[in-house]
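The following briefing describes a protein chain and its ligands. Please inspect the sequence and the structure first; the points are then grouped by topic.

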Amino acid sequence: MRIGHGFDVHQLVEGRRCIIGGVDIPYEKGLKGHSDADVLLHAICDALLGAAALGDIGKHFPDTDERYKGIDSRQLLKHVVALVNDKGYVVVNIDATVIAEAPKLAPYITTMREHIAEDIGIALDAVNVKATTTEKLGFTGRGEGIAAEAVCLINQQ
Ligand SMILES: Nc1ccn([C@@H]2O[C@H](COP(=O)(O)O)[C@@H](O)[C@H]2O)c(=O)n1
Ligand SMILES: C[C@@]1(CO)OP(=O)(O)OP(=O)(O)OC[C@H]1O
């Protein structure tokens, strides 16, 4: 059994979509990035890559590569899971936290979990997603960006 941890941050700006956990969330601002900037899926990708000692998301999908411009991060997650499986591991469970003052994420959490479970190929019960504010403190509290953290366990096939 091996553990992995991931952390990501994306800036909130006008004129971008706010896609978190594969859900396009209605909000006045969106997340800036080379890809669709899905901060939650990026943290999960990094947790899985970390658990398998496969580096990080930027190593596999460089933000200088036009192939990843605007890409749906669910495609990146599925690719990462294939790399982890190819190295002989299966994913046991995921636990993640999105750190955002706004938008309110509670209505979308179940759909996020469904997307993650489907893309990884594990049961819904093996995926947990939480949301928290930082009580108006720091860059997340000022609404300048959204952060996400994730941990995972993987096991030998
Ligand atoms: N963007 C967010 C942040 C939080 N929530 C939910 O609100 C609860 C209370 O948040 P605190 O930061 O005050 O602990 C939290 O447990 C989440 O369920 C949310 O939906 N969206
Ligand atoms: C996902 C990638 C894809 O090019 O681009 P970004 O959307 O900028 O996201 P980041 O979390 O900075 O990770 C880097 C890249 O791998």
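Histidine 34 places a backbone N or O atom 3.1 Å from an oxygen atom of ligand 2, a polar contact, that is, a pair of N or O atoms within 3.5 Å (within protein, one must be able to donate a hydrogen and the other to accept it, and residues adjacent in sequence count only if both atoms are side-chain atoms). The model is a predicted one, in which local features need pLDDT of at least 70 and side-chain atom pairs count only at pLDDT 80 or more, while totals for chains, interfaces and linings use all residues. Residues are numbered from 1 along each chain as its sequence is written, chains are lettered from A and ligands numbered from 1 in the order in which they are written, and side-chain values use heavy atoms, with hydrogens and water left out.

**Ligand 2**

- The side chain of serine 35 has an N or O atom 2.5 Å from an oxygen atom of ligand 2.
- In the side chain of histidine 10, an N or O atom is 3.2 Å from an oxygen atom of ligand 2.
- Ligand 2 taken alone exposes 370 Å², of which the protein buries 86%; accessible areas come from the Shrake-Rupley method with a 1.4 Å probe, and for residues only the protein chains shown count as cover.
- There are 13 residues around ligand 2, and Asp8, His34, Ser35, His42 and Phe61 come nearest; a residue is near a molecule or strand if one of its heavy atoms lies within 4 Å of it.
- By class, five nonpolar, six polar and two charged residues form the shell around ligand 2; Ala, Val, Leu, Ile, Met, Phe, Trp, Tyr, Cys and Pro count as nonpolar, Asp, Glu, Lys and Arg as charged, and the others, Gly among them, as polar.

**Ligand 1**

- The residues surrounding ligand 1 are Ala100, Pro103, Lys104, Leu105, Ala106, Ala131, Thr132, Thr133 and Glu135.
- Proline 103 has a backbone N or O atom 2.9 Å from a nitrogen atom of ligand 1, and leucine 105 likewise has a backbone N or O atom 2.9 Å from a nitrogen atom of ligand 1.
- From the side chain of threonine 133, an N or O atom is 2.5 Å from an oxygen atom of ligand 1.
- Ligand 1 exposes 450 Å² when taken alone, and the protein buries 65% of that.
- The shell around ligand 1 comprises five nonpolar, two polar and two charged residues.

**Fold and backbone**

- Five helices and seven strands make up the elements of the chain; helices (H or I, at least four residues) and strands (E, at least two) are DSSP runs, numbered from the N terminus.
- Along the sequence, the pattern reads β-β-β-β-α-α-α-β-α-β-α-β.
- The C-alpha atoms fill a box of roughly 45 × 35 × 25 Å along the principal axes.
- A cis peptide bond, with omega about 0 degrees, joins alanine 102 and proline 103; proline 103 is found in the loop between β5 (89-99) and α4 (109-120).
- Alanine 53, a residue other than glycine, has a positive phi near 55 degrees and lies in the loop between α1 (39-51) and α2.
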